Amino acid sequence: MEIDAAASGAMLKRERVRDAILELIEARHPGDAIPSERTLCSELGVSRPTLRAAVDELVVAGLLVREHGRGMFVAAEKITQELVADQNTFSLPRAGGVWTSRLLEFSTLPAGARVSRKLRISPAAEILYVARLRLVDGSPVAIEHLHGRTDLAPGLTRGELEQGDLYEHLRDRHGVQVHEAVQSIEPTVVTRAEADLLDVPELSPALLFERLTTDTRGRAVEYVHSLYRGDRYRIVSRLTLSGGDAQPAPKEGHHHPGIPPGDFTGGDPVTLSTRGVVQHDV
């Protein structure tokens, strides 16, 4: 295949501009301004369209914020989730920030065909459906849709979903000890309604988490699918390519992506099977 020299040159020039702006971002703090487009064009020796293409890419990536009439500013730091190689599993250190929930819906309804297959119950069986807006340090980051078996936790209250840790409530108040979660992650975009809740433009990039959680008796406890903002969330894979038995200690007081905060493993780090799942830096 013949390479278009002009297209290649334009791409490389934009990449050079992008790297220069990234250096400016890394030297500043969230909320700090970066020089104007006119100043950057002059300093970098590039045209306005070339500069804007690079800036647009960094805005979409969640590294820069444009404010009309004010300029460009360094965006808030992304919430970073690290996947750590551990033989056939990835151990998840905790993601940072202060996590809170805002309940959007709390109702009981028939499981239906799809959810009943996930939870291994009758389609007519009653389940608890909960929709929650997840916030970090007061800013919306994710929308979580939870489908839980009411027969395992009868009387689960709205307060238990809004305050404290759900898995601790299941263990301490309902005698259900959560044991394992199988979770997948894939890219997607947000709809208009989701964009309004997450305070992002429609069709913004996002991460879709799907999780099936079981208890120590092998019973499916909940099926959850969550949508996380792509501009605020980043996943990093740490792969060990040679021998070594050292295991990183999990941080306390933080949160796993797509998993409510709390310790339901008796002090062991949460692990997700990587079978059939491809993880990338986002």
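Predicted model: local features only at pLDDT ≥ 70, side-chain atom pairs only at ≥ 80, totals over all residues.
View 1. Look for the four bridges that join β2 to β3 (residues 71–74); here L64 sits opposite V74.

**View 2. The buried face of helix α4 (residues 112–119).** V115, S116 and L119 are the buried residues of this helix. Seen down the axis of α4, they fall within an arc of 105°, so they line one face. Their packing partners are β7 (126–136), β8 (139–149), β10 (205–215) and β11 (220–229). Just after α4, you will find R120 with a positive phi of about 60°.

**View 3. The tilted ring pair of W99 and Y228.** The ring centres are 6.3 Å apart and the planes meet at 50°, so this pair counts as tilted. W99 belongs to strand β6 (residues 99–110) and Y228 to strand β11, so the pair ties together parts 129 residues apart in sequence. W99 is buried at 13% relative accessible area, and Y228 is buried at 1%.

**View 4. The edge-to-face pair of F209 and Y233.** With centres 6.3 Å apart and planes at 75°, these rings are edge-to-face. F209 lies in strand β10 and Y233 in strand β12 (residues 233–238), 24 residues apart. Both residues, F209 and Y233, are buried. Ring pairs link W99, F209, Y228 and Y233 into a cluster.

Notes
Residues numbered from 1 in each chain as written. Heavy atoms only, no water. Pairing = 2+ DSSP bridges. Helix = DSSP H or I, 4+ residues; strand = E, 2+ residues; numbered from the N terminus. Buried < 20%, exposed > 50% of the residue type's maximum accessible area, 1.4 Å probe, protein only. Arc of directions from axis to C-beta. Contact = heavy atoms within 4.5 Å. Phe/Tyr/Trp six-rings, centres within 6.5 Å; stacked < 30°, edge-to-face > 60°.
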